[in-house]
Amino acid sequence: MGTERVVRVLAAGVCHSDLHMIDGAVGGPLPRVLGHEIAGHLEGVGDVLVYPCWSDGTCDYCQRGLEQLCPAAAEPGWAVDGGFAEQLLIPHPRFLLPLGGLDPVRAAPLADAGVTPYRAVRRALPWLTAGATALVIGAGGLGQFAIQYLRLLSAATVVAVDPSEPKRRRALSLGAHDAAAPGDDLPAAEAVFDLVGSDATLRQAVEHVRPAGVVVVVGEAGGRIPFGFRLVPYEVHLTSSVWGSYQDLQAVLGIAQRGDLAWDVEPMPLARANEALSRLRAGDVAGRIVLTP
Ligand SMILES: [Zn+2]
């Protein structure tokens, strides 16, 4: 038997990057079966979450535990066909993590929406010692995960920033110490997480990060800021954060299995995938839509 396995898909999350892929802005050639947040069932193993960065396991990045940066990685629903399907061919069982009793429909979004903010927060932890402030710009799905990781993993004061009043309320209920609208007075912060990534939010990030602090951009709205002396605070670190390593996803699964994470999903039949994508484009989605075959 080779290393390939066929996983029966139980659930696949619908992500904003699926829209970018449909629009041809990212990803490989079309047509493509979308879906990179996948939970499924493997005969003889049980219910599994699919680690979506299908790396070669041999290159320098893989050796360093940076599978998501592997130049040879093929991501389902991106570079190869993905999880908006009844079955998924995976290249190797090492990309499967046992769900450990988690509901597959709830677990699927952890493979991107759950792990990406985890990685961003984990990398900023050295800045988030007691007394530090973390600013989370954008309190949508990913921001809500980020707020929870910040409370679980750091002693920082967490301030969420979002124009939407319901999202600010949600941020507070998930543990943010304060929630502000973009025009409000914001505190200076040791770490700023930009879950939006527009010109406006990046500007807000560099205006509020302290010297020697860190700005982590996760959102892919395509914004830019000028970089150089007197354009950003002295010795500030600017970094993007990309998806998650295998270890990051393992850690997120562990946190979810302990019951320490809250997130919203809305199951929808796979046959209504186009409706799900239209609603996401219209901004008419509260939690993650998860397609079920
Ligand atoms: Zn590699």
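Reader: Which residues does Ala-146 touch, not counting residues up to four places away in sequence?

Author: This is a predicted model, and in it Ala-146 touches Pro-117, Ala-120, Val-121, Val-136, Phe-193 and Leu-195, once residues up to four places away in sequence are left out.

Reader: And which residues have the most contacts inside the largest nonpolar core?

Author: Those are Val-50, Val-136, Ala-146 and Phe-193, in a core of 85 residues. Helix 5, covering residues 141–153, gives the most to this core, with 6 residues. The core also draws at least three residues from each of domain 1 (5–112 + 244–292) and domain 2 (115–240).

Reader: Why would such residues sit together?

Author: In general terms, nonpolar side chains in soluble globular proteins tend to be buried together.

Reader: Switching to the strands, how many residues of strand 7 are buried?

Author: Strand 7, residues 157–161, is mostly covered, with 4 of its 5 residues buried.

Reader: What about strand 8, how does it pair with strand 7?

Author: Strand 8, residues 178–180, pairs with strand 7 in the parallel sense over 3 bridges, and Ala-179 in strand 8 is the bridge partner of Ala-160. Here the chain crosses from strand 7 to strand 8 through helix 6 (residues 165–173), and this β-α-β crossover is right-handed.

Technical notes:
Residues numbered from 1 in each chain as written. Predicted model: local features only at pLDDT ≥ 70, side-chain atom pairs only at ≥ 80, totals over all residues. Core = buried A, V, L, I, M, F, W, Y, C linked by C-beta atoms within 7 Å. Buried ≥ 20, exposed ≤ 12 C-beta atoms within 10 Å, placed from the backbone. Helix = DSSP H or I, 4+ residues; strand = E, 2+ residues; numbered from the N terminus. Domains from an automatic or database assignment. Contact = placed C-beta atoms within 7 Å. Pairing = 2+ DSSP bridges. Right-handed = clockwise from strand over helix to strand, strands pointing away.
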